[in-house]
Amino acid sequence: MLAFPLAGTLISAFGYRRLPGRSAGWIGTGAIFLAFLAAIATLISLQGHSPDHRQLVSSLWEYASTAGVDAKVSILVDPLSVFMILIVTGVSTLIHLYSISYMEGDEGFCRYFAYLNFFVLSMLLLVLAGNFFLLIVGWALVGAASYLLISFWYRRTTATRAGIKAFVINVVGDVGLVLGTYFIFKHTHTLDLLKTFHATSNGAFGHGRTGDGDLVAGCILLLVGAFAKSAQIPLHTWLPDAMEGPTPVSSLIHAATMVTAGVYLIARMHPLFQLAPSAQDVGAIVGAATLLIAGTIGLAQTDIKRVIAYSTMSQIGYMIMGVSIGAYAAGLFHLMTHAFFKALLFMAAGSIIGAMGGEQSLQRMGGFRRALPFTYGCFVIGGLALSGIPPFSGFFSKDEILLVAGEQGGWHWALYVVGYVGAFLTALYTFRLIFRAFHGEPVAEARELEAGHLHHAEHPTNPATGELEDTDVGFPGPHHTTAERALPMKVAMSVLAVGAVGAGLVQIPKTDFVIDNFLKPTFTDAAAYETHTRNGLLWLGLALGTVVGLAGIALAYRIWVQRPAIAEAARVRFKPVYELFVNKWYFDELIDALVIKPTAAAGRFASDVFERRVIDETIVGGTTGVVRAGSAAVRAVQSGFVRYYAAMLVLGVAGVGFYFLMQS
Amino acid sequence: MPPLSILLWLPAACGLLGALLPAGAARIPTPATAPGGKVRRPSSPAGIVALLGSLAALGLAIAYIADYKAGGGPQHVTDTMWISSLGIHYKLAVTGLNVILLGMTTLLFAAAILASNVRAGGPPERPRLFYFQLLLAESAVIGAFLAQDLILFVAFFDLMLIPFYFLIGTWGRDPEGSTRVRATTKLVIYTLVGSLLMLAGAVATGVLSAQQGGGHVDFAFSALQHMPLSTGSQEWIFLMFAAAFLVKMPAFPLHGWMPDGYRAMPVEVLMVFSGVLSKVGAYGFLAVVLPLFPRAAVHFQTVMLLVALASIIYGSAQAFTQTDARLIAGYSSVAQLGFITLGIFALNSQGAQGALLQMVNHALVVAPLLFIVALLAERAGGSEDIRRMGGIAFRAPVLASVFLIVALATLAMPGSGNFAGEFLILLGVFKAKQAIAIIAFAGVVMASVYALRLFIRAMHNRVGPGVTPREMTVRDGAVLVPIVAVILFFALYPQLALKRSERSVQGAVAQAQVLTTPRHLSARVTDLDQVFNATSQE
Amino acid sequence: MTFLLATAHLKGPHVDFGGLSPLIALLGGAVIVLMFGLIGSQWVRAQLVPALSLGALGAALGLTIWQWGAEKSIVSGALRIDALSLVLNLVLIAGGICAVLLAWRSRAAEEAAHGEFHALLLTSVAGMSLLASAQNTVALFVGLELLSIPLYVLCATEMRREHSLESGLKYLIVGSVGSATLLYGLAMIYGATGTTDFSGIAAKLAAGGVSSDVLTLTGIALCVGGLCFKASIAPFHQWTPDVYEGAPTPVTAFMAVTTKVAAFGAFLRFFDVALIETQSSWAPALAALATITIIVGNVGALGQSSLKRMLAYSSVAQAGYMLAGIVVATKLGAQATVLYLVVYLMMNMAAFATIVARERATGQGDSIASLAGLGREHPLLAWPMTLAMLGLAGIPATAGLIGKIYLIEATVDGGYAWLGVVIVLGSMISLGYYLPVIAAMWMRDASAAGALPRSGGEGPLPALAGGSAELDEQEPRVRGLQLEVVLVAVVAGAATLFFGIVPQPLFELVRHTGSALGLL
């Protein structure tokens with residue numbers, strides 16, 4: 001399975017000069033599709049095993065096994081990893097397909113597919129990894145692939161800056177993961193995942209106790225890794241910036257797959273988290289905070305992709321919250337449905353952006369309903385699913401998470417409430433997006449498109465900096481103005497739309513439990529996995545979800561369609577709050593002031609002051625100075641006059657004589 | 001397998017042969033023109049002899065790697081008395097500690113010699129002397145790695161600097177604000193200061209252990225290990241060795257020679273200097289200091305870890321504020337060598353294993369990095385300032401890819417061999433001193449900043465003023481691609497190095513490790529003699 | 001011993017001509033050379049006389065080797081023929097040979113009418129040889145004077161050059177003070193112990209009673225001063241830079257090496273045999289002096305632009321290293337000192353030969369600038385000079401390192417490990433002046449040499465700089481290489497390298513010198 005994307009990467013990379021036309025795209029898509037088929041084959045063969053034997057480990061070769069460290073290249077196939085690879089390869093195939101059209105004509109077409117295949121390879125490595133070491137490798141390679149794709153149009157300084165930001169924050173996450181691994185390894189003496197879990201249940205951290213210090217530290221550090229990758233507060237700032245990458249990339253990496261790795265990680269490590277409840281609480285609280293904060297920011301942003309990005313953060317907040325409180329199946333279920341509808345939303349957004357000639361600001365959009373009917377349909381489906389309106393997929397998965405939270409009671413009720421507030425916000429910002437982009441007066445571009453031709457900016461500029469785009473490398477804009485015309489795009493979007501509508505049906509409360517049952521072998525030891533649903537709560541949740549979602553849509557309709565003045569009035573009235581939202585709760589500024597500035601200042605201090613004053617002047621200069629002063633002294637004594645020499649001789653003898661006389 | 005002396009002296013012999021050949025320049029009257037439009041000096045027979053010699057050495061080293069039996073002790077031992085009156089042996093052996101380093105050394109020297117043969121300006125002036133010095137340096141480095149006698153080690157260690165003195169002083173560059181002669185003198189004095197102290201320490205080791213043991217003075221490692229010194233002697237001697245090795249690496253705050261030195265060196269010389277010579281210091285800690293002065297190593301463990309930590313933080317902080325691409329590489333080396341020191345002074349097998357692996361990895365990345373910097377400078381009008389570079393990836397995709405691989409390996413991207421090394425190092429330190437390991441991770445994050453910054457500023461963003469983007473030539477590729485291939489190989493299979501070194505590394509750290517283990521835990525290995533016996537078989 | 005003395009009394013004065021033969025060859029050679037020097041023929045003077053001196057030195061060399069392995073006291077116990085004196089003789093004669101070769105076509109020899117020059121040289125060697133084998137205080141002093149007085153004259157042989165004369169005069173005056181000091185010291189020791197014989201003194205001191213006597217101790221102190229003067233130990237070194245610089249370069253080369261050899265020979269015998277019992281009182285003093293010397297010598301050499309001056313300070317520093325071997329007063333220490341003397345000869349001769357060649361070729365005197373571009377121009381000279389500098393600094397693959405290892409080993413072994421560290425610290429500083437010499441040869445172009453100031457940026461032009469500008473202009477420049485000078489340089493340089501790689505023969509050479517110190 002790993003071989004297909006690898007081959008795709010290599011062919012695209014080495015053939016960048018020779019591959020004709022769009023063949024690199026088809027090769028890349030084909031490779032991923034084959035991987036998808038392989039995933040299905042794995043699924044089938046796994047189902048052939050009895051539920052107790054559905055955790056298969058195969059070691060390929062010794063990687064860095066020495067001195068008690070057992071780092072091997074080993075792969076773990078179990079329901080969880082199969083679930084993940086199905087999503088990853090499935091969605092990836094569609095997005096590759098979409099990209100063939102979207103990226104057509106870009107200068108870096110081959111490069112794009114090489115990177116994209118590389119990303120899928122890394123992601124598969126991540127989810128299939130059978131030990132911590134390989135997990136970290138996959139984890140970081142995913143980050144690297146993400147970096148490459150964010151910085152894809154590397155002549156834009158905004159893109160390179162976003163890329164390095166994403167990379168560095170991901171490295172922070174890697175560090176968390178590595179350190180967490182150390183804390184765990186310290187007690188279990190193995191890097192192998194299953195052996196670690198085995199050792200943990202056999203009391204590597206103390207029998208019957210929960211909350212061992214090292215375990216909690218380890219789990220919290222794992223969470224740091226998860227937060228960085230899944231863009232949870234406060235390590236989320238890279239995700240909105242990552243929208244500098246091509247839109248299909250945002251769709252694949254920053255919505256459907258990579259950012260959900262944190263969710264996967266927590267689910268994968270559940271035997272550890274089960275014993276570290278305080279770490280679980282941290283995860284749940286951060287998830288809840290993220291879903292709320294991201295929702296509020298999403299309300300105020302004007303860049304269409306960034307709104308969706310904040311929405312992604314928010315949704316992943318649900319998932320993190322879910323897996324942190326033990327709602328593993330629900331969290332992963334939401335992960336799956338989210339993959340469908342969020343990828344769909346991004347693709348639809350890409351279609352609009354194409355139509356706008358690269359412009360992403362909501363302020364300048366409007367009235368695309370007639371110009372892009374297909375996109376409009378997709379967007380509405382995605383939006384409804386996102387808002388959790390029955391019977392769309394998001395409805396079931398989100399409610400299931402909140403149901404578990406509500407069931408557990410205690411302070412988890414707070415999570416329950418936050419979840420529904422978040423749901424309201426979700427509906428609100430989603431439909432703000434839809435209403436502003438598709439309703440209202442059609443803008444010039446929309447009218448042009450209705451007339452049958454695409455808009456092209458004469459001198460494309462980077463909206464963020466205003467600098468002229470460098471066309472050597474490609475850039476978002478005229479190259480990508482296929483809108484929704486191309487067949488591959490339509491196919492990809494249709495498939496995802498079907499998923500967004502219907503994916504929820506696999507797990508309808510009281511009716512079927514496909515996901516639950518499938519994942520059960522992985523989570524046999526999870527205490528909260530099977531809960532006895534209280535009917536009242538179930539129906540309350542479903543009703544509440546519907547009502548809240550519809551209320552959000554209604555409010556959005558009222559504000560942005562019926563009475564646009566309300567928005568303006570609210571903005572003036574709640575200026576501080578609005579400012580807070582627009583400025584993304586000042587997280588960037590905070591990180592800048594707390595981390596980046598001090599470090600840079602320290603670096604400058606080191607090179608300008610310390611290096612010069614201490615190293616050069618004090619250590620080097622001091623030593624040579626002393627020696628030189630000695631040299632001068634010696635020379636000063638060396639006057640050239642015999643009388644002084646004789647005097648020195650006499651003095652010397654006197655000195656030596658004095659010494660000897662002291663002895664007597 | 002041929003005796004080790006052949007590997008040791010082959011480069012020097014080729015250098016001498018090349019030096020004795022008639023000058024080739026006279027025979028080819030019309031100089032060819034380099035791609036850059038500059039006049040290219042014709043390649044010199046001395047250069048070709050040097051290349052052949054270094055490739056032969058590389059071949060031999062690979063043969064030794066293939067032949068090395070993991071788990072065995074020293075192999076292919078050559079042992080004769082050198083100065084019998086002083087008990088100094090001419091004793092060479094391949095051990096788990098040096099076998100991979102030999103491969104790395106010969107590879108980098110071959111690459112550097114190739115680089116000097118193919119670079120745009122043609123081979124350097126006075127090629128016969130140049131290659132003689134370079135190959136003499138190679139022999140000295142190989143000698144330092146192979147030596148199994150303390151004085152022999154010290155002698156090679158000091159000797160290797162002399163050719164570099166000539167190489168830098170004669171063929172160096174005069175960057176703004178410093179002259180090469182001054183920089184060279186500073187470098188040599190700095191590094192020889194430590195080396196000479198080490199000489200005193202080495203002699204004292206032999207004499208004092210003979211006095212304590214009541215036997216004849218014998219400087220062979222195997223003999224010295226049997227006659228451990230008193231703790232007091234170990235401590236002052238340790239400091240002398242540490243001074244030598246830390247300067248050579250260089251470690252903060254003993255890196256004062258580095259900025260000027262790095263800027264003055266011709267690139268092919270810098271490749272080996274930065275790649276190989278710094279490792280001899282680290283190797284010295286592992287192969288000499290830990291086995292011979294275990295008590296002192298334990299005594300100074302915290303100090304050394306703090307020095308290493310300071311190097312990491314300081315080097316990293318410098319690397320992301322510097323704008324001179326060479327100095328970024330230089331300070332990153334300070335940081336990376338800090339990691340290596342950290343691993344060694346974790347005083348356990350994981351740390352030491354990681355350190356050894358990282359020595360190879362760092363050499364493999366820093367050499368191509370520096371070569372790439374030179375290529376970038378060629379495209380940026382000769383400037384090595386990253387502010388004047390930029391945007392050449394599009395016209396040079398292959399160079400960009402190679403650079404990217406190297407940059408990612410430099411920042412120890414998981415999946416690279418460097419990560420495997422760093423993982424083991426930090427794991428070792430984590431076991432030894434948890435807090436230090438956690439702080440050291442700051443260096444990991446910082447590495448990602450400076451490595452990517454270098455890559456982006458050179459390759460991405462807008463095309464810099466005065467930059468002429470163009471792809472690297474096939475000749476440049478011949479230098480870079482083999483090294484990158486080795487990087488990729490180690491990314492997939494670092495076990496190659498680890499498997500061979502495992503036993504020897506355990507032997508090297510065994511005594512120190514026992515001393516650091518809390519008493520109740522060391523009940524199983526209470527008998528120190530057992531450990532001594534085990535290590536002396538290594 | 002007493003038996004020997006007794007038989008001597010019985011049989012009357014017995015002259016062991018075998019033992020004396022090297023001395024006789026040297027002194028006889030001096031007479032013959034002096035005579036031939038009176039012959040008017042230019043050819044005889046300029047060619048035959050040096051050849052005859054070489055012959056005399058060669059004869060002495062042969063006779064010394066003939067005596068190899070002998071262990072005997074001669075001249076009523078005044079002189080000792082043993083491994084120590086034979087090895088030192090060898091070094092002295094080798095130094096003499098080099099000096100003759102370097103002086104062959106020098107102005108100094110010419111102005112001193114050749115015959116006188118060479119005769120003085122031979123006499124001085126004889127004096128040194130005497131000193132190195134002296135076994136009683138009288139012979140010691142006679143040797144000292146015999147070596148010094150010709151040297152005073154030799155320094156002044158470039159009679160038309162002011163600095164040469166000044167150098168000779170200075171050496172004479174200060175040297176006399178030094179000799180007088182030594183003489184007083186010897187007299188006091190005689191007064192305290194009642195004997196001039198070294199073994200007698202040792203026996204007396206061992207018997208106790210006098211070893212902490214004021215007279216003895218004052219005597220020792222004065223002897224330390226006197227010998228230190230000859231060996232250029234700080235703070236008795238001050239004549240060294242001025243005299244070395246002012247003297248004609250071949251003479252400088254000669255005295256730089258041979259006076260050290262003779263002085264350390266005397267040191268070894270006097271302190272490590274006669275005064276061995278009082279080692280505990282003089283060793284710390286000498287150790288302190290060694291330290292001061294190492295520091296002063298190395299620090300003083302920094303920034304000197306005159307090579308001879310630089311080498312003068314360097315010789316001070318080297319004397320400090322060698323003194324460390326005396327301090328420990330062990331067999332090992334004695335061997336280390338002798339071994340270092342041997343390598344010191346090679347390194348210095350290589351360096352001075354190069355200076356001689358450059359002085360004659362460039363007209364820039366002995367300035368470092370005269371070496372610029374030498375590496376490209378005359379590798380045959382540049383390599384020996386390079387090796388010499390590396391050797392003096394103690395870099396591997398040169399005999400200098402071996403010498404240092406041995407010295408450090410001796411200090412550590414003798415309980416003076418810190419002195420070993422001081423030696424090493426001194427070597428570090430020394431890189432600061434040895435390396436620029438190498439840099440000048442290899443890293444600067446000859447064209448740039450003219451631009452270099454005659455004196456470096458550091459300090460004023462030394463008041464006593466060698467070679468005044470006018471005279472240098474008059475002297476015809478030598479184009480090409482003078483064979484005998486190159487020969488000295490190459491042989492000495494090659495030896496430095498060879499014994500750096502294969503040092504065992506050196507150890508064989510000095511192996512018995514330690515055992516010569518009977519009481520140790």
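Two residues are in contact if their C-beta atoms, placed from the backbone, lie within 7 Å. The exercises below concern a predicted model, in which local features need pLDDT of at least 70, side-chain atom pairs count only at pLDDT 80 or more, and totals for chains, interfaces and linings use all residues. Residues are numbered from 1 along each chain as its sequence is written, while chains are lettered from A and ligands numbered from 1 in the order in which they are written.

**Exercise 1.** Determine how many residues of chain B and of chain A are in contact, and which element of chain B gives the largest share.

*Solution.* Step 1: 40 residues of chain B contact 45 residues of chain A. Step 2: the elements of chain B that give two or more residues to this side include α13 (301-319), α15 (349-379) and α18 (434-459). Helices here are DSSP runs (H or I, at least four residues) and strands are runs of E (at least two), numbered from the N terminus. Step 3: α18(B) provides the largest share, nine residues. Step 4: sorted by class, this side of chain B has 24 nonpolar, 13 polar and three charged residues. Ala, Val, Leu, Ile, Met, Phe, Trp, Tyr, Cys and Pro count as nonpolar, Asp, Glu, Lys and Arg as charged, and the others, Gly among them, as polar.

**Exercise 2.** Describe the side of chain C that touches chain B by its elements and residue classes.

*Solution.* Step 1: the contact takes 28 residues from chain C and 26 residues from chain B. Step 2: α18 (399-413), α19 (417-443) and α23 (504-510) of chain C each supply at least two residues of the side of chain C. Step 3: the largest share, 13 residues, comes from α19(C). Step 4: the classes on this side of chain C are 21 nonpolar, five polar and two charged residues.

**Exercise 3.** Characterise chain C as a whole by its helices and strands, its box and its buried residues.

*Solution.* Step 1: chain C contains 23 helices and two strands. Step 2: along the principal axes, its C-alpha atoms fill a box of roughly 70 × 55 × 40 Å. Step 3: of the 520 residues in chain C, 69% are buried (20 or more other C-beta atoms within 10 Å of the residue's own, with C-beta atoms placed from the backbone). Step 4: among contacts in chain C between residues at least 6 apart in sequence, 80% join residues at least 24 apart.

Key:
A residue is buried if 20 or more other C-beta atoms lie within 10 Å of its own, exposed if 12 or fewer, and partly exposed in between; C-beta atoms are placed from the backbone.
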